[in-house]
Amino acid sequence: MAEIHRASVRRLLVGVVGAYLASMGLVSFWMLAAGNVVEGHAGVVFAGVAFLVAAAPAIAFPFSQRVAKRLLLVVLILFAAATLWAVFAPSATPVSLTVKVAVLAFAILLVFRTWLALRVSSKPD
């Protein structure tokens with residue numbers, strides 16, 4: 001009985017976090033549409049999209065954990081690709097070696113973790 005209560009509280013909490021992230025994304029778009037952003041329009045749009053994309057798995061979690069896991073994988077791949085592009089693009093601002101190593105490590109660990117998960121799930125029992 002306590003496990004059912006704990007699972008429903010977890011679903012509710014994750015749903016609230018997803019609603020918060022989605023509202024942050026929408027607020028950033030409303031600020032941009034209202035003209036409250038003087039400089040950095042591209043940064044505000046990028047932040048708004050990032051909040052909305054990050055909210056998708058959290059909003060889907062209370063309804064389907066399987067869908068939420070797949071959405072989370074897509075979100076992590078998108079964030080890894082965006083960080084790789086931001087750090088290693090020819091027009092990127094110079095960043096320290098530590099940041100480059102951290103971005104590469106994140107991408108490599110994500111690929112390795114995904115490969116392990118797919119390998120384990122494809123094994124016959």
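Trainee: Val 27 lies in helix H1. Why does Val 27 count as partly exposed?

Mentor: This is a predicted model, so every value is computed from predicted coordinates. Val 27 has 37% relative accessibility. Buried means under 20%, exposed over 50%, and partly exposed is what lies in between. Therefore Val 27, at 37%, is partly exposed.

Trainee: What makes Ser 28 buried?

Mentor: Ser 28 also has its place in helix H1. Its relative accessible area is 9%. The limit for buried is under 20%, so at 9% Ser 28 is buried.

Trainee: Which residues does Ser 28 touch, leaving aside those up to four places away in sequence?

Mentor: Val 44 and Gly 48. Both are among the buried residues of H2.

Trainee: Where is His 5 found, and why does His 5 count as exposed?

Mentor: His 5 is in helix H1. Its relative accessibility is 53%. Exposed starts over 50%, so His 5 at 53% counts as exposed.

Trainee: How far apart are His 5 and Ser 121 in space?

Mentor: C-alpha to C-alpha, they are 29 Å apart. In sequence, 116 residues separate them.

Trainee: What makes the nonpolar patch a patch, and which residues form it?

Mentor: Leu 26, Val 27, Trp 30, Met 31 and Leu 52 form the patch. Together they have about 460 Å² of accessible area. A patch residue needs over 30% relative accessible area. Val 27, at 37%, passes that test.

Trainee: Which helix gives the most to the nonpolar patch?

Mentor: Helix H1, residues 2-34, with four residues.

Trainee: Why does the span of H4 agree with expectation?

Mentor: Helix H4, residues 97-122, has 26 residues and should span 38 Å at 1.5 Å a residue. Its end C-alpha atoms are 37 Å apart, so the two values agree.

Trainee: Which residues of H4 are buried, and what do they pack against?

Mentor: Val 103, Ala 107, Leu 110 and Thr 114 are buried in H4. The buried residues of H4 pack against helix H3, residues 65-88.

Trainee: Which residues of H3 are buried, and what covers them?

Mentor: In H3 these are Ala 68, Val 75, Ala 80 and Val 87. Their cover includes H2 and H4.

Trainee: Leu 109 is found in helix H4. Why is Leu 109 called exposed?

Mentor: Leu 109 has 56% relative accessibility. The cut-off is over 50%, so Leu 109 counts as exposed. From Leu 21, Leu 109 is 88 residues away in sequence and 25 Å away in space, C-alpha to C-alpha.

Trainee: Now the whole protein. How many helices and strands does the protein have?

Mentor: It has four helices and zero strands. From the N terminus on, the elements run α-α-α-α.

Trainee: How does the radius of gyration of the protein compare with that of a compact globule?

Mentor: A compact globule of 125 residues would have a radius near 14 Å. The protein has 18 Å. Along its principal axes, the C-alpha trace spans about 55 × 35 × 20 Å.

Trainee: What share of the residues counts as buried?

Mentor: Of the 125 residues, 18%. The accessible surface comes to about 9,300 Å², and 75% of it belongs to carbon and sulfur atoms.

Definitions and conventions:
Residues numbered from 1 in each chain as written. Predicted model: local features only at pLDDT ≥ 70, side-chain atom pairs only at ≥ 80, totals over all residues. Heavy atoms only, no water. Buried < 20%, exposed > 50% of the residue type's maximum accessible area, 1.4 Å probe, protein only. Helix = DSSP H or I, 4+ residues; strand = E, 2+ residues; numbered from the N terminus. Rg over C-alpha atoms; globule rule 2.2 N^0.38 Å. Areas by Shrake-Rupley, 256 points an atom, 1.4 Å probe, with all protein chains shown as cover. Patch = residues over 30% accessible without salt bridge, like charges linked within 9 Å, V, L, I, M, F, W, Y side chains within 5 Å. Salt bridge = Lys/Arg side-chain N within 4 Å of Asp/Glu carboxyl O. Contact = heavy atoms within 4.5 Å. Expected span 1.5 Å × (residues − 1).
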